[in-house]
Amino acid sequence: KEELEVEKFAYELSINTISRQAKKKESMVVAPETFAKKIKPKLEIKIAPKLNQATPERELLFSKDTDRGFGHSGLYIEENGNTKPFGQKAGKEEIKTSIESIVKLIENYRKYVIDYNDNYGSRIVEIILYAFTSPFLQDIRFKLESDSEKLDVPQFLFIGGTAGSGKSNLLQILQKMLGLSKSKPILYNNIIPTGRTKKADTITQIQLWMNENNVAPILIDEIDEEFFSNKDRGNNLIVNVSNLSTSNFDFTPCFIGTTNALEYSLPQRAQRRSYYVKNDKVFDTELKKKSVKAYTEVFEIINDTLFQDFVIRFAEKLTDDNLSWKNYSLHSSTGLIDFLYWSREIFKEYFEIAQIEIPAWFPETRYDDTVENNQSLWRKLYEYNHQDFKIQKEKGVYLFKLKSLDSEEGQSNRFGTKILPSTKYLNALSQKCKNDNNSSDIIEIKIKEFHDWIGVPLPKELEHKKTILDFFKKKKSEN
């Protein structure tokens, strides 16, 4: 029996040196790091312990990259104590019905949301694309070389909404689209329902979940304000988990959470490692009865048929050696890899199969709502307190006293764990606008760059008045 086990182990070692999906001769033998990952004990699955008996259970979705391709997703679900393959190709009519349900969902936003536009609709679809791709985020990282590139694939998605924007309903729709029907999205305050160390234990529980070999996304509703305002909470969690993911061979889950858009704020390191998408336009209360009925109709027809098909198509993309995964965002301001590029291409195939023209609200690239959020923060501050921005014409900068923003907060921060407004605003300010990188009490802000960034015209006293000297300078530069 022992000899048989040794022989079986030797066989598994040998077959794991070969890439079954390789299409080129030089790719037949796997890279050393891939081999190391493959020979990890196959049944060694890390499942997070629960810190509190009342902590909700998570559904289990496992990933095995050696089983991808040839009609298999490489994903497995647990059912009655057994694992079975997850993913099934859908027929044309099934795909058409699923795409029509998404079209109907966006149409409901168009009808019932105040100030709706196509950019807003596209953000809803962007969130769906992220959720569909979430089990494969680590696979995408494996396709990238540097740690910097891998950090372009965020393990955290924050949906920033306001009361009445339907963000909780959207989370429930995502859950049903993914086939996670056994459990509901978890309320942040219910992760650790009670206890003296409830807040700290909540972060610890999330970190334990983020390190388990369960790629079912963690859907969390109503993230508490302290997650963002306390530097020992969300900031540390995001940075630590994300840094680990760049060197980790394990397949681990992503985090999808809703929060109040006004509460969302993170230091730059955490911003860099997460994805923020706005969902902040409210439903018209005068049309509430109609909008609730429309939501119920969409919720009832939505199922996981499209996701089951998607995981097989995406697995085939992952096994295609000819595909490039370094597809950069069309928004040049981000300079980030569009990690959802191939997910967009699959959804374009779906629209073609459904014989539906790709809508104006289809997201063609990743968003950068964090930047927009930061711009809005400083624009409002400037428009309300422009007199506090002291002009230094000779240097072309504003002097601004950051600590003036902390007048009320300082008293309530005796333990030093809360992120003060001054730090929040400094983190939000674009590097292009900073005349220096220090975080002193008074900062220098480049005037022209700042106004270009927040989209507010220069004050009249700073507008450049053309003189005869400018005319001769222009002539000289042309010659």
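You are looking at a predicted model, where local features need pLDDT of at least 70, side-chain atom pairs count only at pLDDT 80 or more, and totals for chains, interfaces and linings use all residues. Residues are numbered from 1 along each chain as its sequence is written, and side-chain values use heavy atoms, leaving out hydrogens and water.

Next, show the surface. Of the 479 residues, 49% are buried, meaning under 20% relative accessible area with a 1.4 Å probe, protein chains only.

Now select residues 61-63, strand β1, and residues 75-79, strand β2. They run antiparallel, joined by 3 bridges; strands pair here if DSSP finds at least two bridges between them. Click on Phe62 to find its bridge partner in β2, Tyr76.

Between β2 and β3 lie the 2 residues of a hairpin, where Asn80 in the turn has a positive phi of about 55°.

Last stop: select helix α3 (residues 92-112) and helix α13 (residues 305-318). Their axes, lines fitted to C-alpha atoms over the stretch in contact, are 9 Å apart at an angle of about 115°. The two helices are therefore roughly perpendicular, a label for angles of 65 to 115 degrees. Show side chains where they meet: Ile95 and Ile99 are among the α3 residues, Leu306 and Arg313 among those of α13, with contact meaning heavy atoms within 4.5 Å.

Definitions and conventions. Buried < 20%, exposed > 50% of the residue type's maximum accessible area, 1.4 Å probe, protein only. Helix = DSSP H or I, 4+ residues; strand = E, 2+ residues; numbered from the N terminus. Axes fitted to C-alpha atoms, helices over the stretch in contact; angles between N-to-C directions. Parallel < 35°, antiparallel > 145°, perpendicular 65-115°, else oblique.
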